Amino acid sequence: MKTKEKKPLPPVPIPNLTGINGGDPESSDIRKKREKIKEMMKHAWDNYRIYGWGHNELRPIARKGHSTNIFGSSQMGATIVDALDTLYIMGLLDEFRDGQKWIEDNLDFSVNSEVSVFEVNIRFIGGLLSAYYLSGEEIFKIKAVQLAEKLLPAFNTPTGIPWAMVNLKSGVGRNWGWASAGSSILAEFGTLHMEFVHLSYLTGDPVYYKKVMHIRKLLQKMDRPNGLYPNYLNPRTGRWGQYHTSVGGLGDSFYEYLLKAWLMSDKTDHEARKMYDDAIEAIEKHLIKKSRGGLTFIGEWKNGHLEKKMGHLACFAGGMFALGADGSRMDKAGHYLELGAEIAHTCHESYDRTALKLGPESFKFDGAVEAVAVRQAEKYYILRPEVIETYWYLWRFTHDPRYRRWGWEAALAIEKYCRVSGGFSGVKDVYSSTPTHDDVQQSFFLAETLKYLYLLFSGDDLLPLDHWVFNTEAHPLPVLHLSNTTLSGNPAVL
């Protein structure tokens, strides 16, 4: 078989990058805390290096590699790709170079393996692009583009809404069996925009940009019940699946990427900002409530009524509201900053009301029960970052010391209950003072949880938010000043 000759990628001017290192904190106390977070990162990475190298993730107690179906059957070194930018930012450059060498020698996408388009996009493409921008090493850009080409067949559906999974070798796509009547999931097909715009920017090939803009145009035409976006959309018929709306799992990062598309475009993508503002107004009207005890929470719209339950994943929204406050309609910046602070407080309560001071996977607001998990199946903590992410954004925008205090509480709890000799593990019950471990060190623990903690104890000059936008896996991508390129979002230019 003849393979077509690969054209070298065009030289693209890297945006003027500000704040890719530094951030030394002002006080020795904060410096010590930041050093501790760095030591935790080293512990997580070193053990992965010894026991799980090249595997997607690590089982730190069994001391062997681990993988889940989102990465298919292949060993693609998810933890390496996901951790690269964290290592770089922390100045762990020997470790960074070890990861780079593995990627140069071993990262191969021509494998017969079915992967999650969403997870591979946010972890691998996001991680590779971020490593490229931070380090300037061409190999990361080349690998990101190779992988993106493998994801494109997922968009071959009657509507252009991509399948949830694609086989990297055959290009055959399909949806998760459990998703409403063969539907694609809002958070999955709605969380491609940032990475795909950067891919078009770096390659000069508009195909990636066109794919995500097509999704946006389709969503704009659709009827939205109560102004809310349902979580399921059938890629064959172009119709919504069941009416379930959530700012937690299944919905979350779709809203985040509307806001971040605007921020990443140097605030020129007004269409994205309008979609974000409209969505947030509907969410505030229909999903955000106050509990009897005065806690602000984001419920889920299910089968025509509001379920008074909030997931750990939805806790990212406190940071999102704060990030979107500037530029909001009708001078409501103060209102959205306050709303972000209220969500941060609620999510802190979900941590504070457990034995371990770590938050459960989801928590209820029913009668006397507030910010507490009720079902055994919701009491676990798998090293998730969303609450710490929100603390960090609110710290950046307010410098209220409570966010550093709360972040440090979480760091100490992770250190005490999740650290094992072979890395870090999630726990199965945050209400039990003698928890059992789940024996998985998630790749997002290194990509997100530890990065957000490190940034929380760093100065604002490290990755300043007017120059960098973080993807939903905490991979920083630079703001693109696009007015003079074909990606300005101006249809006349395309």
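Predicted model: local features only at pLDDT ≥ 70, side-chain atom pairs only at ≥ 80, totals over all residues.
Residues are numbered from 1 along each chain as its sequence is written, and side-chain values use heavy atoms, with hydrogens and water left out.

In soluble globular proteins, nonpolar side chains tend to be buried together. Buried here denotes under 20% relative accessible area, exposed over 50%, and partly exposed in between, with a 1.4 Å probe and protein chains only. When neighbours within four places in sequence are left aside, Phe-321 is in contact (heavy atoms within 4.5 Å) with Tyr-276, Ile-280, Ile-288, Ile-298, Tyr-336, Leu-339, Gly-340 and Ile-343.

Helix α7 (residues 193-203) is largely enclosed by the rest of the structure, because 11 of its 11 residues are buried.

Strands of a sheet pair through backbone hydrogen bonds, either parallel or antiparallel. In this model, an open sheet of 3 strands has the order β8-β11-β12 with antiparallel pairing, where two strands are taken to pair if DSSP finds at least two bridges between them. Its edge strands, each pairing on one side only, are β8 (244-245) and β12 (305-307). Strand β8 pairs with β11 (residues 300-302) in the antiparallel sense over 2 bridges, and His-244 has Lys-302 of β11 as its bridge partner.

The structure holds 26 aromatic pairs, defined as rings of Phe, Tyr and Trp (its six-membered ring) with centres within 6.5 Å, planes under 30 degrees apart counting as stacked, over 60 as edge-to-face and the rest as tilted. The pair of Tyr-132 and Tyr-133 is tilted, since the ring centres are 5.5 Å apart and the planes lie at 50 degrees; Tyr-132 and Tyr-133 are both buried. Trp-408 and Phe-457, by contrast, form an edge-to-face pair, with 5.7 Å from centre to centre and 90 degrees between the planes. Because Trp-408 lies in helix α14 (residues 401-417) and Phe-457 in the loop between α15 and β18, this pair ties together parts that are 49 residues apart in sequence. Trp-408 is buried at 18% relative accessibility, and Phe-457 is buried with a relative accessible area of 1%. One aromatic cluster is formed by Tyr-229, Trp-240, Phe-254 and Tyr-255.

Arg-49 lies over the face of Trp-53 at 4.1 Å from the ring centre, and Arg-273 lies over the face of Trp-262 at 4.5 Å from the ring centre.

The structure holds 1 disulfide, that is, a pair of cysteine sulfur atoms within 2.5 Å, and it joins Cys-315 to Cys-347 with an S to S distance of 2.1 Å. The torsion about the S-S bond is about -95 degrees, so the disulfide is left-handed. Distant parts of the chain are linked by this pair, with Cys-315 in the loop between β13 (309-311) and α11 (317-325) and Cys-347 in helix α12 (residues 333-352), 32 residues apart. Both Cys-315 and Cys-347 are buried. Cys-418 is in no disulfide, and the nearest cysteine sulfur, that of Cys-315, is 16 Å away; Cys-418 is buried, with a relative accessible area of 0%.

Most residues other than glycine have a negative phi, and most peptide bonds are trans. Asp-439, although not a glycine, has a positive phi of about 60 degrees; this residue lies in the loop between β17 (423-424) and α15 (443-456) and is buried, with a relative accessible area of 8%. Ala-474, also not a glycine, has a positive phi of about 65 degrees, is placed in the loop between β18 (468-470) and β19 (476-478), and counts as buried at 0% relative accessibility.

Technical notes: Helix = DSSP H or I, 4+ residues; strand = E, 2+ residues; numbered from the N terminus. Lys NZ or Arg CZ within 6 Å of the ring centre and 35° of its normal.
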